[in-house]
Amino acid sequence: MKTLIVYAHPEPKSLNSSLKDLAVSTLQTAGHEVRVSDLYAMNWKAVVDAADYGPEASSPLKVALDSGRAFDAGTLTPDVLAEQEKLLWADTIIFQFPLWWYTMPAILKGWVDRVFTYHFAYGVGEHSDTRYGERFGEGTLAGRKALLSVTAGGPESHYAARGINGPIDDLLFPIHHGILYYPGIEVLPPFVLYGTDRMTGEDYPDVAKAWEQRLLTLESTEPIAFRRQNFGDYEIPSLHLKEGLEPTGRTGFGLHVRG
């Protein structure tokens with residue numbers, strides 16, 4: 001297994017850093033190849049601008065079209081090209097980050113904004129009366145799996161079905177479905193640690209044991225059963241889920257999960 005770890009936390013002594021290091025050592029000991037993109041250590045540029053696209057940048061800037069032209073021409077900046085190469089190299093991607101304001105840190109969102117360019121992560125495939133591009137189960141990154149390893153400061157009850165923060169599956173749906181599944185990556189159930197603001201060193205051995213177990217079972221873990229776009233579940237071009245396919249009473253994000 002070839003694993004890319006995309007890590008986003010500014011503190012080298014943090015729990016997130018320990019989880020990242022444990023992932024590296026566990027996977028390498030098990031015989032897997034590992035690469036790490038430590039975004040803070042890399043001083044990752046988190047904002048998209050015309051400099052990303054060099055001579056392909058238009059005026060006014062058109063981010064989608066310009067990023068696609070730069071990708072096609074091979075003129076994306078070296079840092080972006082390097083991350084795209086890592087994604088193509090990997091068969092598994094682990095994202096290690098804290099949940100800040102109900103989502104990923106800005107530096108990680110900036111990584112997505114810059115690396116997932118047009119013609120690389122989206123805007124590919126046939127558009128016709130029966131297909132709406134290669135996305136949501138198809139695409140450039142199909143055949144890969146991804147896992148979110150997330151730390152949350154609040155207790156687990158706050159992220160339960162009736163919790164005030166909303167169900168964790170709902171909070172992570174835009175990342176799971178909208179960022180990862182969109183270009184074809186199969187998404188594994190997340191590894192979430194709750195109450196981490198109150199965690200002590202005495203708690204870490206149990207956390208480490210649970211994390212090691214998840215890491216060593218990545219290859220046998222079933223992905224979230226998101227519906228594939230072009231395989232009959234959705235009307236095209238409206239992309240509405242066809243009537244009657246959802247389990248009784250299911251609404252919202254859950255409509256897009258089979259079974």
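Student: What should I keep in mind about the numbering and the model before reading any feature?

Tutor: Residues are numbered from 1 along each chain as its sequence is written, and side-chain values use heavy atoms, with hydrogens and water left out. Because this is a predicted model, local features need pLDDT of at least 70 and side-chain atom pairs count only at pLDDT 80 or more, while totals for chains, interfaces and linings use all residues.

Student: How many salt bridges does a search of the whole structure find?

Tutor: A salt bridge is a side-chain nitrogen of Lys or Arg within 4 Å of a carboxyl oxygen of Asp or Glu, and the search of the whole structure finds 11 of them. One of these joins the side chains of R114 and D52, at 3.0 Å from N to O. R114 lies in helix 4 (residues 106-115) and D52 in the loop between strand 2 (33-38) and helix 2 (63-73), so the pair ties together parts that are 62 residues apart in sequence; helices (H or I, at least four residues) and strands (E, at least two) are DSSP runs, numbered from the N terminus.

Student: Is D79 buried, exposed or partly exposed?

Tutor: Buried means under 20% relative accessible area, exposed over 50%, and partly exposed in between (1.4 Å probe, protein chains only). D79 has a relative accessible area of 28% and is therefore partly exposed, whereas R114, at 2%, counts as buried.

Student: Which residues of helix 3 are buried, and what do they pack against?

Tutor: In helix 3, V80, E83, Q84, K86, L87 and W89 are buried. The buried residues of this helix pack, with contact meaning heavy atoms within 4.5 Å, against strand 1 (2-7), strand 2, helix 2, strand 3 (92-98) and helix 4.

Student: At what angle do helix 1 and helix 6 pack?

Tutor: Axes are lines fitted to C-alpha atoms, for helices over the stretch in contact, and angles run from 0 to 180 degrees between N-to-C directions. Helix 1 (residues 15-29) and helix 6 (residues 204-216) pack at about 45 degrees, with their axes 10 Å apart. Residues making the contact include L15 and L19 of helix 1 and Y204 and W211 of helix 6.
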